[in-house]
Amino acid sequence: MSIVLGHEIEETITDPGAEDIVGSGTNTTNLGGWYDALDANENGDKCAWVGEPLTGPVPGGPQVLPIPGAMGDITGNRGTTFAVQSLWSNEAAGGTGYCAGAGTDLPL
């Protein structure tokens, strides 16, 4: 629930109306707060399920490390952990942009 709810809240905050465009041809303006002309998904959709391995750890096998951009856990004020999805960051990956913020960011 924390992944889906966080995903939708983040999209609501960063790009309400991002799909709304005024103008025509090469003279258009996107009305939302966030928009990627190359990928029409909302901010949270760009990072949904990114970096998720198709299989989990095998009992007795090597530890599976998170893939950069994968889901991670955050710890709340009372020590409870919640699963969270990474979100698009223009600052990540040395300014080239990547999914970040779930504790599974790309190494510096």
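Contact, in this talk, means heavy atoms within 4.5 Å. On that basis, residues 24 or more positions apart account for 38% of the contacts in the protein chain with a separation of 6 or more.

Good morning, colleagues. The structure above is a predicted model, in which local features need pLDDT of at least 70 and side-chain atom pairs count only at pLDDT 80 or more, while totals for chains, interfaces and linings use all residues. Residues are numbered from 1 along each chain as its sequence is written, and side-chain values use heavy atoms, with hydrogens and water left out.

I begin with the overall architecture. The protein chain has three helices and six strands; helices (H or I, at least four residues) and strands (E, at least two) are DSSP runs, numbered from the N terminus. Along the sequence their pattern reads α-β-β-α-β-β-β-α-β. Of the 108 residues, 24% count as buried, where buried means under 20% relative accessible area, exposed over 50%, and partly exposed in between, with a 1.4 Å probe and protein chains only. The accessible surface of the chain comes to about 7500 Å², and carbon and sulfur atoms hold 58% of that surface. These areas come from the Shrake-Rupley method with a 1.4 Å probe, and for residues only the protein chains shown count as cover.

Let us turn to the strands. Strand β3, residues 72-75, pairs with β4 in the antiparallel sense over four bridges; two strands pair if DSSP finds at least two bridges between them. Which residue of β4 is the bridge partner of isoleucine 74? It is phenylalanine 82. The two strands form a hairpin with five residues between them, and glycine 79 in the turn has a positive phi of about 85°.

Serine 2 and phenylalanine 82 are 80 residues apart along the chain, yet their C-alpha atoms are separated by 6.4 Å. With a relative accessible area of 29%, serine 2 is partly exposed.

Helix α1 spans residues 2-14 and includes isoleucine 13. Isoleucine 13 is exposed, at 65% relative accessible area. Together with Met1, Leu5 and Ile9, isoleucine 13 forms a nonpolar surface patch with about 490 Å² of accessible area. Patches are made of residues with over 30% relative accessible area and no salt bridge, with like charges joined within 9 Å and nonpolar side chains (Val, Leu, Ile, Met, Phe, Trp, Tyr) within 5 Å. A salt bridge is a side-chain nitrogen of Lys or Arg within 4 Å of a carboxyl oxygen of Asp or Glu.

Is glutamine 85 buried or exposed? At 10% relative accessibility, glutamine 85 is buried. Glutamine 85 sits in the loop between β4 (81-84) and β5 (87-89). Its side chain makes a polar contact with the side chain of histidine 7 at 2.8 Å, and also reaches the backbone oxygen of glycine 44 at 2.6 Å. A polar contact is a pair of N or O atoms within 3.5 Å; within protein, one must be able to donate a hydrogen and the other to accept it, and residues adjacent in sequence count only if both atoms are side-chain atoms. Leaving out residues up to four places away in sequence, glutamine 85 touches Ile3, His7, Gly44, Cys47, Ala48, Met71 and Ala102.

Histidine 7 has a further polar contact, at 2.9 Å, between its side chain and that of aspartate 45. Aspartate 45 lies in helix α2, residues 43-46, and is partly exposed at 29% relative accessible area. Beyond its neighbours within four places in sequence, aspartate 45 is in contact with His7 and Glu11. Its C-alpha atom is separated by 10.0 Å from that of serine 86, 41 residues apart along the chain.

Alanine 93 belongs to α3, residues 92-95, and has a positive phi of about 55° although it is not a glycine. Alanine 93 is partly exposed, at 32% relative accessible area. Glycine 97 is in the loop between α3 and β6 (98-100) and counts as buried at 10% relative accessibility. Not counting residues up to four places away in sequence, glycine 97 touches Trp88, Ser89, Asn90 and Ala92.
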